[in-house]
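Trainee: I would like to go through this model with you. Could we begin with a loop and work outwards from there?

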Amino acid sequence: MITQPSHVPERLALLATSAVDPFLTEELLRSEQVHGGIDLAKVVEPLPEDDARWSVEPIRSLVEDAMFEFREDRTRADAWLAPRLHATLRLTRREAADKRLWNHLALAVAPEYVAWRHLSEATANRPDRRIAAERFRGPADRQCFSRLWWAAELFRNGPDYEPVVAACGNQDLIHTVLRMELIDHRPTAQALVRLLQNGQVTGGREINGLSTAINAAGATLVYDVLAPDEPRDPARLREWIAEAGSALPVGRYELPMGPDEDPVPEESVAALTSYFADLFETAPIRGRTPQG
Amino acid sequence: MKIYPYKRLNRPVVLRVSSVSLKLSDGTRDQLETTAYSTQQQAVALGIAGHTDWVSATIGLSATLPPGATASDAAWSDLCVLAVLTDGETNVRTSAALTRDAEDGRDWSGSLEVFRDDHLGRASLSVHAVGTVEGVQGRSIAETDRNWVVDTVSDEPVRGFQLDVQKASFKRSSREWLLAYADAPWIVDTSARVPTVFVNTDVEGVIGLLDSSGSGVDSKVRDLLVAQMATDVWIAVFHGAIGDLEVEPGGGPVFPTDWQGEVLREMLPDVIPGVHVEEALRQVHRRRTGESGWVELQTRIHYAAVRRADASKALAYAIRSLEQMNRESET
């Protein structure tokens, strides 16, 4: 298992995907050897000096704690790290959509976390343990850190990260649903979490079946009308981001607070939760025998 | 054609943008000229006034529902009209209800707010007419057939595939990875957010040639060069897009939401002619990941790229220009 590179930068930067390949070596993907860090530092584009958000130390300290705390069960680290990463690395969506930031985080700042979290187990079919390259540089819902940040962003209910913990506690949910467009509607995201929290939907097949049914129904139904959302006030997020420099490190035991945005209207979440529950009753789920 | 299990309107909603204004960071507003949007292109360019410090944009909209929307015997009630802005890159979905201009009329209007922090590039704008049909709330009755493109960066309201061209010395660029390609006149980078052509300024005279204007042989050679570059780009972006396809749990490939989707929709009709683009995408994906057929497809991909790059025209003009030159030197 690799350790951190001998040179870890002090500040986050942008690493173009086309510049990644020389560092994404076969040895790294097998978690045998990591680059030294010096050569990588030469190909990055710096971020503005005067912004406290780009300091690497708070993120390093988070991932080190996660690796220690969840050394017995690494998948559980997702639910812990997602809200804390989101509250530490305060970004606008515009900034978070820049893959170069995530490339840098994974390759330069904490490659050993990517290896720790995503090195595959040896199986009979695939005896060689390996990390998928997309965990370092890849789609937003696959890359090691961006998937957590986006899961936190899409599942938080205003400042409340509790739904994020529930969503990330279920690998099937973040694996399949995060890539679907339906999740961009906040009340839909909250209703899905609620079905999970109250135990109406559990395993991966159920989640797959339900999300397919929601998507199919969405072809004729406009969920924005069934369950309206409030318009967001962008100033709240700006303030929260501006406070990043003076904010305390996020709590290790208690959940942090997200940006002080209005939560999703409760009537909308309730309406969709019961609508989805009905939909789920009749949705074809693999392995479930039709009832009635 | 889709089949719906309830009554709908057959024709699409017509959407027009009627005004665009930017709210700047100092609190003032800048009403953009009408050149910021194009009805023909169905595109809005928020970068047109050169502001980099805008906070939000207000887009004035008017929508006309198809005939029959307000018929007294219509199958729906609780009619409402919604403008929806989506962005696949930033997972943003915002909606705004429009209001009816006159009672019993088919024209609705309103405005939609676009926040700069919420978008990196392009967002997509559509309008849905929604009502209660046979007791079911929230049924979509009609929508726009083609989304408008809202580009938060561009200074020209055009839809279609965009390309970034950058000039750099591959030997001395701060992008050190270019050094590995120092002996190439240009390279295509499809891993960036927008596909980018880097032109190597170390090749003496290449910039002069690319910037040449006028009608001489120079400009014909330039056009030929540009067509060659464009062919490279189209081939590269097609492969980039096909290589990155997401596959649904059910097994079918999904159209990407960013430029890759645009590229595929544009090129697939030439790659697999005669079928819907969705079916074409499935076929191409099957051939790439399956056991055979990928190699055979390369010719079609090349053909689709050459057509888009206008290579035949550029070549024809260059040859004619050379012939003329030769004739002149003979006499």
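Trainee: Where does D104(B) lie?
Mentor: D104(B) is in the loop that connects β7 (92–100) and β8 (107–115) of chain B. Strands here are DSSP runs of E with at least two residues, and helices are runs of H or I with at least four, numbered from the N terminus. The model is predicted: local features need pLDDT of at least 70, side-chain atom pairs count only at pLDDT 80 or more, and totals for chains, interfaces and linings use all residues. Residues are numbered from 1 along each chain as its sequence is written, while chains are lettered from A and ligands numbered from 1 in the order in which they are written.

Trainee: What is the phi of D104(B) near?
Mentor: Its phi is near 70°, a positive value in a residue other than glycine. Most residues other than glycine have a negative phi.

Trainee: Is D104(B) buried or exposed?
Mentor: D104(B) counts as exposed, because it has 7 C-beta neighbours inside 10 Å. The cut-offs are 20 or more other C-beta atoms within 10 Å for buried, 12 or fewer for exposed, and partly exposed in between, with C-beta atoms placed from the backbone.

Trainee: And what do β7(B) and β8(B) form?
Mentor: They form a hairpin with 6 residues between them. The two strands pair in the antiparallel sense over 2 bridges, where pairing requires at least two DSSP bridges. R100(B) stands opposite W108(B) in β8(B).

Trainee: Which strand is joined to β8(B) by 9 bridges?
Mentor: That is β5 (residues 54–64) of chain B, and the two run antiparallel. S56(B) stands opposite F115(B) of β8(B).

Trainee: Changing topic, what about S31(A): where is it found?
Mentor: S31(A) sits in the loop between α1 (26–29) and α2 (38–42) of chain A. Its phi is near 60°, again positive in a residue other than glycine. S31(A) counts as buried, because 20 C-beta neighbours lie inside 10 Å.

Trainee: In what order do the strands of the open sheet with β12, β13 and β14 of chain B run?
Mentor: The order is β12-β14-β13 (chain B), and the pairing is mixed. β12 (164–168) and β13 (186–189) of chain B are at the edges with a single partner strand each, so one side of each has no neighbour in the sheet. Neighbouring strands are turned by 20° against each other on average, direction ignored; axes are lines fitted to C-alpha atoms, for helices over the stretch in contact, and angles run from 0 to 180 degrees between N-to-C directions.

Trainee: How many bridges join β12(B) to β14?
Mentor: There are 5, and β12(B) runs parallel to β14 (residues 196–200) of chain B. The bridge partner of D164(B) in β14(B) is T196(B). Helix α2 (residues 217–243) of chain B packs on the sheet, touching β13 and β14 of chain B.

Trainee: How many residues of chain A are in contact with chain B?
Mentor: 28 residues of chain A are in contact with 31 residues of chain B, contact meaning C-beta atoms, placed from the backbone, within 7 Å. α13(A) gives the most to the chain A side, with 3 residues.

Trainee: Finally, which residues touch the most other members of the largest nonpolar core?
Mentor: A151(A) and V44(B) do, in a core of 119 residues. Such a core is a set of buried Ala, Val, Leu, Ile, Met, Phe, Trp, Tyr and Cys residues joined through C-beta atoms within 7 Å. α8(A) gives the most to this core, with 9 residues.

Conventions
Contact = placed C-beta atoms within 7 Å.
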